[in-house]
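Me: Hi, I'm new to this one. Could you walk me through a few spots?

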Amino acid sequence: MAKEIELKLALAEHGWPAFSRHPLLREAIAAPHRQSLRNLYFDTPDLALKRQRVALRLRQTGRRWVQTVKCAAAARAGLSARPEWETPFDGHFDFSAVDDEAVRAELESLRDRGALATVFDTNFERREWRFAAEGGEVLLMADRGHIISGEHRETISEIELEIAGGASVPALLDIAARLAERLPLRAESRSKAQRGYELMAGSTPVAVRASRSPLSAEATPDEAFKAIALDCIAHYQANEHGALTSEAPEFVHQMRVALRRLRSALRVFGPALPEGVADGLTGRLRALAGDLGELRDRDVLHEELLSPALVAHRSAGLKKLERHLAAARSQTRDRVLIALQDGRQARLMIALLQTLHAAPPAEHRLSLQALARKRLARARSRVAAAVDHARGGDIAALHALRIDVKRLRYAVEFFMPLLPHKKAQRTLALLTEAQEKLGFINDLSQAGPRLLLAADGDAAMLRAVSQIAALHMPRYRQIIDHAPKLLRTLSRLPKLN
């Protein structure tokens with residue numbers, strides 16, 4: 001069995017001329033190898049292999065066919081490591097080389113029952129370069145072609161970097177970083193097989209929320225940070241395809257949440273990280289989150305504030321205002337789509353991976369449990385201080401409190417496996433409720449200037465702005481009236497450990 005470690009990067013179509021001129025290619029240890037590859041993917045009619053995260057592929061190169069079995073592994077920022085078994089194919093499936101007994105038994109059973117059939121195929125041209133790296137090699141493969149399922153097809157335009165011999169993951173990432181400096185790349189978490197299955201099914205992307213904390217009580221602080229950071233990256237990338245192909249606002253919202261959680265993780269685990277790491281990555285995260293934040297603000301304005309007013313009134317002024325806001329929202333979305341594919345995302349993901357694969361500190365001044373106690377206490381004290389500042393009802397102070405509430409919520413979620421479950425769940429419920437109420441106040445306060453700017457003095461649209469404000473004012477007043485009770489609750493949050 002071989003273990004395939006690779007990084008997959010999607011390349012925008014307009015980036016191929018720049019890739020062909022990239023100075024890195026001149027450092028290859030041999031001339032590039034070029035080949036046309038046809039790949040047939042097999043499964044059962046009810047997709048039994050897909051359910052078990054196993055891929056069975058036949059690849060044709062010239063007159064030669066090769067059989068490959070892969071067991072899927074989660075890709076993080078495009079980087080994946082998974083077992084694979086590759087053997088020559090002489091006309092019938094032979095799974096004797098598969099040393100995972102359960103996988104081999106299932107494949108042989110399906111073969112013997114005649115249940116395996118082609119479900120989709122890929123056809124692409126591959127150019128391959130080899131680079132010397134730390135006593136081994138890194139392969140760079142540039143693929144252009146299509147995934148085909150019946151009458152449907154999807155473009156393949158990607159670069160894969162794969163470890164060969166004794167090369168290390170950091171060596172691979174160094175090459176990736178050099179590519180990303182100049183090219184419109186995007187770290188791609190979906191394999192060709194996954195994309196083929198989605199094309200075959202005609203499936204619609206579904207927004208993915210953050211998962212439970214992957215933290216282990218036995219982990220060291222830097223191991224815990226790595227697990228949580230990779231989980232945040234997976235959360236971000238699980239929603240990226242939907243954001244690129246759908247205008248549904250929840251995808252962008254979840255991507256933004258993932259970046260905020262990652263920034264919070266850098267803050268929470270800062271004492272366990274090498275000096276300067278958190279600050280360096282936070283700046284990159286803030287830049288990408290800023291692009292997403294502008295679109296998210298416009299989504300909230302349309303979906304949560306304007307749309308209910310349209311249902312209630314449907315006045316000419318509201319419809320005119322909607323057209324103006326929809327145009328601005330579309331322009332913002334276009335900018336975000338460019339930002340997601342112009343190389344910034346790839347540079348961020350590669351920098352994150354380089355940090356996560358760097359050597360950990362030799363010693364830890366704090367255990368994970370001690371770090372959790374210290375960071376939760378600090379976040380709780382910040383909420384208490386923010387509550388004191390917000391008692392006067394100042395909007396800016398309430399906004400600052402919302403941020404501190406959110407940071408404490410994320411910290412509790414990160415450390416959940418270490419905490420008393422029922423007490424932590426109650427605390428999360430209180431923090432979530434507070435965040436939602438304070439978030440509505442913030443959304444409405446920000447919406448006013450934006451709506452007035454869109455109205456631009458137009459009488460009908462100004463009346464529409466008044467209609468929106470009147471519709472949402474009762475809830476706003478209710479939250480403001482109950483703010484003293486909310487603040488008292490936040491000031492009395494229990495200690496969790």
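Me: Which residues does Thr 44 touch, not counting those up to four places away in sequence?
Reply: Thr 44 touches Leu 110, Ala 115 and Leu 116, where contact means heavy atoms within 4.5 Å. This is a predicted model: local features need pLDDT of at least 70, side-chain atom pairs count only at pLDDT 80 or more, and totals for chains, interfaces and linings use all residues. Residues are numbered from 1 along each chain as its sequence is written, and side-chain values use heavy atoms, with hydrogens and water left out.

Me: Nice. Is Thr 44 buried or exposed?
Reply: Thr 44 counts as buried because its relative accessibility is 4%. Buried means under 20% relative accessible area, exposed over 50%, and partly exposed in between (1.4 Å probe, protein chains only).

Me: And where is Thr 44 found?
Reply: Thr 44 lies in the loop between strand 2 (33-43) and helix 2 (48-51). Helices (H or I, at least four residues) and strands (E, at least two) are DSSP runs, numbered from the N terminus.

Me: Which strands does strand 2 pair with?
Reply: Strand 2 pairs in the antiparallel sense with strand 6 (residues 117-133) over eleven bridges, and with strand 3 (residues 54-61), also antiparallel, over five bridges. Two strands pair if DSSP finds at least two bridges between them.

Me: What is the bridge partner of Leu 37 in strand 6?
Reply: That is Phe 124. On the strand 3 side, Tyr 41 stands opposite Arg 57.

Me: New topic: where is Ala 483 found?
Reply: Ala 483 is in helix 15 (residues 483-491), and Ala 483 is buried, with a relative accessible area of 15%.
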